[in-house]
Amino acid sequence: MIAIIDYDAGNIKSVEKAFDFLGTKTVVTREPKEIFRADHVVLPGVGAFGDAMNRLNEYGLVSVIREVVDNKVPFLGICLGQQLLFDSSDESIGAAGLGILRGKIRSIPNKDKEGNFVKIPQIGWNNLSFPREGRLFKDVPNGSYVYFVHSYYLDADDKDIVTATTDYSVKIEASVEAGNVFACQFHPEKSADVGMQILRNFTQI
């Protein structure tokens, strides 16, 4: 069973439907007992970094998430859920993230290296490159396109955890893997067959 953490931060229904399509049993919950019973745990999210951390604290989920990770349960952060795993964000100065992984979330520059303006937020499809082998990307070809909606990007302290990148104004660290912790800046649940393969791979970890 997959527990999808409900902390009022959007895109939960689409994540639930994607796993339902794969035939995987899910529960959408913020109850610690249900989360701890799960074989896999997903932290989705759309919205502001600081507001999301406030809700996780309000619902007592910060310590629950840390315990899940410490217990080596496969854990997946999606979009804002990836960002929250790190230390801080330019979006919410002074707000501390979960700090499970080291790094900062930075604003995407509105100009590329040549000085050309780019649209922020990035909304649309970008192709992935794989700097190292990641378990989420088994049977996913290099160059596959996935769907992004974001104005901020990860700058991980340890580049060895980065398993996928894309380019949009700057190099975007689009996915990470560290032990039992996985995360994607893009939305696999909205990324057609490629996204379904990524989620299928997660269920098989």
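# Briefing on a predicted chain

The chain exposes about 9200 Å², and carbon and sulfur atoms supply 47% of it; accessible areas come from the Shrake-Rupley method with a 1.4 Å probe, and for residues only the protein chains shown count as cover. This is a predicted model, in which local features need pLDDT of at least 70 and side-chain atom pairs count only at pLDDT 80 or more, while totals for chains, interfaces and linings use all residues. Residues are numbered from 1 along each chain as its sequence is written, and side-chain values use heavy atoms, with hydrogens and water left out.

**Overall build**

- The chain has six helices and twelve strands; helices (H or I, at least four residues) and strands (E, at least two) are DSSP runs, numbered from the N terminus.
- The C-alpha trace spans about 50 × 40 × 30 Å along its principal axes.
- A compact globule of 205 residues would have a radius of gyration near 17 Å, and the 16 Å of the chain agrees with this; the radius is taken over C-alpha atoms, and the globule rule is 2.2 Å times the number of residues to the power 0.38.
- Of the 205 residues, 54% count as buried, where buried means under 20% relative accessible area, exposed over 50%, and partly exposed in between (1.4 Å probe, protein chains only).
- Among contacts (heavy atoms within 4.5 Å) with a separation of 6 or more, 69% join residues 24 or more positions apart.

**Nonpolar cores**

- A nonpolar core is a set of buried Ala, Val, Leu, Ile, Met, Phe, Trp, Tyr and Cys residues joined through side-chain atoms within 4.5 Å.
- The largest core has 36 residues, of which Tyr7, Leu56 and Leu84 touch the most other members.
- Helix 4 (61–70) is one of the elements that give two or more residues to this core, and others include strand 1 (2–5) and helix 3 (49–58).
- The largest share, six residues, comes from helix 4.
- A second, separate core of 26 residues includes Ile78, Val146, Phe148 and Cys184.
- Leaving aside neighbours within four places in sequence, Tyr7 is in contact with residues including Ile12, Leu43, Leu56, Leu80 and Leu84.

- Three strands form an open sheet in the order 5-6-9, with mixed pairing; two strands pair if DSSP finds at least two bridges between them.
- Strand 5 (88–89) and strand 9 are the edge strands, and each pairs on one side only.
- Strand 6 (residues 103–107) pairs with strand 9 in the antiparallel sense over five bridges.
- Gly103 has Ala156 in strand 9 as its bridge partner.

**Glu177**

- Glu177 lies in strand 11 (residues 170–178) and counts as buried because its relative accessible area is 10%.
- The side chains of Glu177 and Arg135 are joined by a polar contact of 2.9 Å; such a contact is a pair of N or O atoms within 3.5 Å, and within protein one must be able to donate a hydrogen and the other to accept it, while residues adjacent in sequence count only if both atoms are side-chain atoms.
- Not counting residues up to four places away in sequence, Glu177 also touches others, among them Arg132, Ile161 and Phe182.

**Backbone exceptions**

- Most residues other than glycine have a negative phi, and most peptide bonds are trans.
- Lys72 has a positive phi of about 65°; Lys72 sits in the loop between helix 4 and strand 4 (75–78) and is exposed at 61% relative accessible area.
- Cys79 has a positive phi of about 55°; Cys79 sits in the loop between strand 4 and helix 5 (80–83) and is buried at 6% relative accessibility.
- The peptide bond from Ile120 to Pro121 is cis, with omega near 5°.
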